[in-house]
Amino acid sequence: MLWIRGVNPSLEMGKLNAGINKEAIFNLIGNLVDLGIWQYNVTRDYLEWDEVMFKIYGLEPENFEHKFSDWRKTVHPEDVEGAEASFKESVASQGEFVYTFRIIHPDGAIRFIKANAQSHGLNEEGDHIIVGANQDVTEFLKVSEENEALIETLKDSQETARIGSWQYFPDSNISVLDEVTKSIYGLPADYKIDASEGISYYKKGYSRDKILEAFGELLEKKKPYDLELQLITAQGKEIWVRTIGKPKLNAAGKVIKASGVFQDITEQKEKELALLESTRRFEGAFQYSAIGMALVGLDGKWLKVNKRLVDYFGYEESELLKKTFQDLTHPEDLNTDLEFLKDCINGKIDHYHMDKRYRRKSGEWMWAMLSVAVVRDSENKPLYFISQIEDINARKTYEEQLLEANQSLIKLTNKLSLQNRSLNDFAHITSHNLRAPVANLILLTELYGSAEDAEYKDVIFTKMAQSTADLNETLDELVEALIIKNKAGMEMQELNLRDYVNTVLKKQSALIRHTDAKIEMGLGFEKIFAQPHYLESILLNLISNAIKYKNPDRRPEIQIKAYQKEGVPSIEIRDNGVGIDLVRHGHKVFGLHKTFHKNSDARGVGLFMVKVQMEAMGGEVAIESEPGQGSVFKLQFKPELQRL
């Protein structure tokens with residue numbers, strides 16, 4: 001007979017039945033070190049411990065009532081359900097029991113116990129006997145205060161991530177769920193739940209049918225499962241869970257336990273479903289868009305293109321995907337496009353728009369409006385581009401036609417404006433040139449009418465004849481100018497500058513001889529692009545004014561120069577006359593009817609005409625002058641002015 005260490009042999013139930021399998025006990029002892037040995041009479045609920053067991057559990061023999069509940073009281077509350085279920089499963093199946101659980105030592109310490117047990121069958125009295133051994137494996141597991149903190153951290157992480165665990169023992173139909181799993185179900189921590197009730201929480205239809213099928217195959221075919229299903233909590237809330245199950249087999253290959261992981265994935269699933277819906281919407285918008293769309297790699301390769309883009313370019317989709325956008329972009333537009341893409345990749349911008357040209361398969365160029373946005377990952381690294389390409393060939397054609405029409409309108413407007421200005425100028429010129437001879441005739445007529453002396457009347461008549469001839473000559477010139485306008489309008493011509501200067505000097509020859517004026521001419525160029533009538537009128541006004549407003553104390557000197565400055569043809573007419581006080585009159589020098597001297601014939605028209613005519617030819621006039629020192633008039637012509 002084998003005696004259990006520390007058991008009083010005088011106790012009737014303390015004797016180990018001679019029929020106990022000694023080999024089994026010795027096998028257990030051989031597998032462990034510092035074992036506590038126990039025997040449990042299931043029928044009578046009588047528990048025997050040896051002295052090592054009392055030492056492991058920190059209990060005194062005199063306080064031990066030899067009941068199963070004595071052991072149960074020592075087990076950590078969180079492990080009681082699982083340990084008890086495993087023990088009962090072993091009893092029901094008469095199989096081996098191996099389980100590790102925690103106890104609370106009387107000194108408050110948490111100890112880890114590894115339990116081994118084996119059913120011995122019935123003794124002589126017909127009682128069901130189980131023998132086993134316990135070992136304190138706390139040191140082996142190196143469970144210290146740090147490990148306890150780690151366990152708490154792990155538990156917190158499980159609760160945060162909503163990851164729980166479960167166990168199911170098929171022989172006893174016992175289900176064990178941890179607190180997190182119960183929380184996911186919406187159940188209190190102390191709630192007892194069996195397998196069938198747990199399955200009833202799955203949403204009717206696919207989810208419930210699928211878990212029943214998977215759980216059945218796990219028990220019957222030993223097939224593990226990993227599913228994402230919908231669950232209706234105890235509060236009626238619909239959630240998504242991930243449930244993982246796997247079997248544990250005994251030596252005979254029978255499933256003795258099923259266990260697994262249970263996680264609330266509602267938030268993740270909702271994001272996945274939202275992303276899926278968004279992807280489907282994007283896919284629909286992408287494929288059936290009225291404009292071309294493409295996903296483009298960072299290297300410019302077409303990753304994905306829609307049907308509209310294929311139609312635009314005239315390639316087969318497979319052909320297009322072998323090319324890059326650089327292959328199809330007009331050389332004049334490529335650098336701009338690449339600079340925009342570089343800025344997107346570097347994070348300076350996240351999208352851009354531009355009009356550019358693409359080459360179709362036929363070789364034709366197509367104008368397109370390109371809109372590009374960069375797609376980035378969670379770390380803000382660029383992944384690819386989404387490009388929208390709209391054919392705007394028709395719009396570009398309209399724009400070009402509109403531009404041409406607008407330019408034609410501008411030319412016409414300028415032409416009409418110049419013609420209108422020309423007519424106004426012509427009216428002023430006519431009035432200016434006719435006023436003096438007409439006034440002279442009126443005066444001579446009055447003198448002739450009041451004269452009594454016949455000889456004096458003959459003199460007056462002779463002068464009237466001369467004035468009439470002068471008036472006729474002026475009218476002939478104006479009529480000739482009018483004929484020129486009617487024929488050629490305001491068209492600019494390439495003129496010989498020297499010829500026009502000589503013509504003006506010839507017309508002013510009598511005045512030049514009368515005042516003994518000195519004329520110097522230095523022409524740096526011979527040809528000038530101008531309106532003939534305006535050029536002569538400008539030169540005549542400026543040269544005649546230089547003589548008319550001479551300084552009474554000195555001989556008049558006039559310098560006429562022509563030169564090119566930075567490609568701009570310029571003419572200077574410099575005199576040593578009375579000059580103009582620009583401080584007082586500078587703002588009105590070129591105004592109509594503005595005079596600055598007391599000459600009786602000053603009408604304030606000449607300089608006004610010079611300014612108007614220069615501007616009509618696209619040029620400008622400027623003056624430099626000091627009282628008593630003379631004046632310099634600078635004429636600048638526009639060589640690029642187009643013929644109107």
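Lysine 192 and glutamate 81 form a salt bridge in this predicted model, with their closest N and O atoms 4.0 Å apart. The pair links distant parts of the chain, since lysine 192 sits in the loop between helix H7 (179-185) and helix H8 (195-200) while glutamate 81 belongs to helix H4 (residues 77-93), 111 residues apart. Lysine 192 is exposed, with a relative accessible area of 58%, whereas glutamate 81, at 22%, counts as partly exposed.

A search of the whole structure finds 33 salt bridges, and another of them brings together the side chains of lysine 269 and glutamate 228, at 2.7 Å from N to O. Because lysine 269 lies in helix H10 (residues 266-287) and glutamate 228 in strand E8 (residues 225-232), this pair ties together parts that are 41 residues apart in sequence. Here lysine 269 is buried, with a relative accessible area of 13%, and glutamate 228 is partly exposed at 33%.

Lysine 634 and glutamate 572 also form a salt bridge, their closest N and O atoms being 4.0 Å apart; lysine 634 lies in strand E22 and glutamate 572 in strand E20, so the pair joins parts separated by 62 residues in sequence. Lysine 634 is partly exposed, at 27% relative accessible area, while glutamate 572, at 11%, counts as buried. Elsewhere, salt bridges that share partners connect Asp355, Arg395, Lys396 and Glu399 into one network.

The largest nonpolar core has 40 residues, of which Leu497, Leu535, Leu635 and Phe637 touch the most other members. Among the elements that give two or more residues to this core are helix H17 (497-507), H19, strand E20 (568-575) and strand E22 (630-636), and H19 gives the most, with eight residues.

Helix H19 can be followed in more detail. Its 17 residues (532-548) should span 24 Å at 1.5 Å a residue, and the end C-alpha atoms are 24 Å apart, which agrees. Of these 17 residues, 13 are buried, so H19 is largely enclosed by the rest of the structure. At the start of H19, a side-chain oxygen of glutamine 531 reaches to within 3.0 Å of the backbone nitrogen of histidine 533.

Leucine 447 has its place in helix H15 and is partly exposed, with a relative accessible area of 32%.

Definitions and conventions. Residues are numbered from 1 along each chain as its sequence is written. This is a predicted model: local features need pLDDT of at least 70, side-chain atom pairs count only at pLDDT 80 or more; totals for chains, interfaces and linings use all residues. Side-chain values use heavy atoms; hydrogens and water are left out. Helices (H or I, at least four residues) and strands (E, at least two) are DSSP runs, numbered from the N terminus. The expected span of a helix is 1.5 Å times one less than its number of residues. Buried means under 20% relative accessible area, exposed over 50%, partly exposed in between (1.4 Å probe, protein chains only). A polar contact is a pair of N or O atoms within 3.5 Å; within protein, one must be able to donate a hydrogen and the other to accept it, and residues adjacent in sequence count only if both atoms are side-chain atoms. A nonpolar core is a set of buried Ala, Val, Leu, Ile, Met, Phe, Trp, Tyr and Cys residues joined through side-chain atoms within 4.5 Å.
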